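The following exercises concern the place where two chains meet. Please work through each task before reading its solution.

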Amino acid sequence: MTELTIKVSGEAGLGVQTIGEVLCRIFKAAGLYLFSIQDYMSRVRGGNNFIQVRVASEPVFSCRERAHITVALDRPGVLLHQARMETGGVLVLDRSHLGFSGENSAWFDAPLYAIAENAGKSARYVNSAACGVIAGMVRLPFAPVKRVLERAFAKKGAAVVEANIAAAKEGHGYAMGNFHLPALALEPAPERPDLLLNGNEALALGAIQAGCKFFSAYPMSPSTGVMETMAHYADNAGIIVEQAEDEIAAVNMVIGASFAGVRAMTATSGGGFALMAEGLSLAAMTETPIVMVDAQRPGPATGFPTRTEQADLNFLIHAGHGEFARVIYSPGTAEEAFFLAQKAFEVAEKYQVPVMIMTDQTLADSVRNVSAESLDFIKINRHLVSKEESGSASSYKRYQLTPSGISPRAVPSRIADVIYADSDEHTEEGHITEDGAMRTRMVEKRLSLKLSLLRKEIVPPEAYRTENAKVLLVGFGSTYGAILDAVNRLENPGIGFIHLPQVWPFPAEAFTALAGKKARVITVENNAGAQLAGLIRRETGVAPEASILKFDGRPFDVDFLEREIKKAAK
Amino acid sequence: MILDDFKSGDEVAWCPGCGNFGIQNAVKKALVKLGRRPQDILLVSGIGQAAKLPHYIRSNGFNGLHGRALPAAVGAKIANRELTVIVTTGDGDCYGEGGNHFLHNIRRNADITVIVHDNQIYGLTKGQASPTTDRGMETRVQTRGPLSEPLHPLEMAIALGCGFVARGYSADSDHLADLILQGITHKGFSFIDVLQPCVSFNKVNTYEWYAKRVYKLDPAHDPADKASAYQKAAEWGDHIPLGLIYKSERPSYEELSGVAALPPLVDADLNAVNVRTLFADFQ
């Protein structure tokens, strides 16, 4: 496999994110695989943001520690990223624009601003000039660059398209003529019809496919992309997207909408989820199916608003007062996010429970090639009782006690009887009760009966090279990519990997069968408390021997993880 | 429809003589006149004595969380715009715990009717000050009376552009029923603050106290006149006006959001969705 890591850095407001999107499209157009991450600060202007694209001849699932090519669009970027370059790597900068006079053998001086002014007649085309320079440095032909820019700027008119192409072309030519490092050359291939998806988009597309018709949220990084994607397709798919006044309103609107019969979802991050905890409890008590997304970021409190962490695991398992059954999915890839969003609605309605999807900034913002054929679709079944099944105008009981624990769920005004739902403890009819015996039966229904059914519908752990493994790495959520890539790079048959796309109810039986007593279990977690290790211990009795933890707000890169695995697995 | 169509079999847990009974009767009378089937009505409430009302009227009922009746009601209305959605809430539920939702749902203007049982006291927690408790009323918690200025919900609603602002009195259920029916037929967010004696915990604002003070707005009062509506909304103390104080028309949430143009969301064919048609955007 040939691969390169390319980083573009600049202060907020310089358009680093746009360059990232264009670069990803260029590499995809050149038939290559990529994995990109965004590293941005919680500010609108200034600071230092960067995007890092790992581009390769084969699929890649995680980021690297060091970059082969680093493009610094401002002075602080040069100083900040110089130390994080790959051996033999190159730092691209416009020396005269940034005011650097000295020589440095690792620098490639590219007059990006002069190119933009000359070819595009404006400094604002510096981003396209940079894209052209990068494409030229890695010896990609100009054709895919042109195709991508035409499409990216089509809405802004022919003049803008032409100016961007001119700036990119001149940048491309400049690099072809002035930069010669064959080791950094990439081999283009025919473009595949893959999708470029980040986790937020994949999740939203899954929800749209599942027939989610109402979405309400309060904007909160890094979950906001879910709402933006839902809003973008709202008219197309007949969805109402409503920005709530706060997360409490968001979850209660979603519950109201679901009670009235539509599939509804909300998305937030940890702090917003904290505000939704009472609503979660209400959904459980009223047995109203809802889907909640927690795109995690580092806490406590406001924490690192734009960065990544997996520290809400215990919180989500325990959030909400009282005792009730819930489901928590933890997708590791865009494909899983797409599937589990659909599964979430299916399970929420089938068992009338709240279902949570736990992602994080890494999954939410990272982009990968996804093959459309690899996406799984779930046939929709509402698990509702019809007018006929619901009986006469006085016979329907919303909370009817049944042997399975699942009561008939009907849609208000679509049956002959009226429907009551109550957050107080209630009778089968949904009216307030103080009766101890009824209380006992209702608690059993909401907690143990549902939990036993949900345990039969667990999304199984994904086992990779576990047959002969002496060491088993275990992760959930976005660590999937880094662990997979690390295991592949280590090429050690004694090291295997278990990914958990569902953490609650915990897949105890399947996990124990895989891990048993045969192997040493090491968890890999983006948190400080080894929460997954604790969960495994509590749910299976298997005691993980060690945990590889990272809680600096940044994702695992495969190089760091490889070193840590070697240390831990000794 | 007759009153018995809306008769619930559930046992009522209010105190004898409670002002809530007058409101319950008024809602029933309004629903009879409205003429819709019980299953086409949805009563949504939060928590408190007022919030028990949905159980005591035969219609769909969603009795949710304290302070959160409004978002649940709006969610349900968006899901099925054909439902007649009525919120029954109290001064603590709506103005205290749920104050933020009150502000923003006036702005949102979904076509729902909000009846606030305003007894100026917390009943279910046994007698603490509510946001509308007058200064000087001592309680076991507010031992010197509330320190905060009472909230002025009617003036607030007018300032926020609420299109239907009314005040009723629970002891005059015919008049209140008429206001409720007007509120239901008004397109957009309709707000009715109902003066409601609490026989157990509010020893100041009693039936006798109100009887001496309330009066019906002169037919000459023009609810479209915002300045005069403010004046009437601010009137408190010796003379307390009842009736439709302010009315104006503006597009509802359903019209602005596209809900009105779609079939009720609840009837959407979910299997008609195919996101493969969107994949080109990501290719």
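**Exercise 1.** Which residue of β2(B) does A:Tyr420 stand opposite?

*Solution.* The model examined here is predicted. Begin with the strands: β15(A) and strand β2 (residues 60–63) of chain B pair over 3 bridges, in the parallel sense. Within β2(B), the residue opposite A:Tyr420 is B:Gly61.

**Exercise 2.** Determine why α11(A) and α2(B) are described as oblique to each other.

*Solution.* Step one: identify the helices, which are α11 (residues 247–259) of chain A and α2 (residues 69–79) of chain B. Step two: note the geometry, namely an angle of about 45° and axes 6 Å apart. Step three: apply the cut-offs, by which angles under 35 degrees count as roughly parallel and 65 to 115 as roughly perpendicular. The crossing of α11(A) past α2(B) is right-handed. Among the residues that make this contact are A:Met253, A:Ile255 and A:Phe259 of α11(A), together with B:Pro71, B:Val74 and B:Ile78 of α2(B). The residues of this helix contact comprise 13 nonpolar, 3 polar and no charged.

**Exercise 3.** Which element gives the most to the side of chain A that touches chain B?

*Solution.* First, consider the whole contact: chain A contributes 47 residues and chain B contributes 45 residues. Next, list elements of chain A that each supply at least two residues, including α8 (199–209), α11 and α12 (270–286). Of the elements, α11(A) gives the most, with 9 residues. Finally, classify this side of chain A: 31 residues are nonpolar, 9 polar and 7 charged.

Notes. Residues numbered from 1 in each chain as written. Chains lettered and ligands numbered in written order. Predicted model: local features only at pLDDT ≥ 70, side-chain atom pairs only at ≥ 80, totals over all residues. Axes fitted to C-alpha atoms, helices over the stretch in contact; angles between N-to-C directions. Helix = DSSP H or I, 4+ residues; strand = E, 2+ residues; numbered from the N terminus. Parallel < 35°, antiparallel > 145°, perpendicular 65-115°, else oblique. Left-handed = near helix turned anticlockwise from the far one by under 90°. Contact = placed C-beta atoms within 7 Å. Nonpolar A, V, L, I, M, F, W, Y, C, P; charged D, E, K, R; others polar. Pairing = 2+ DSSP bridges.
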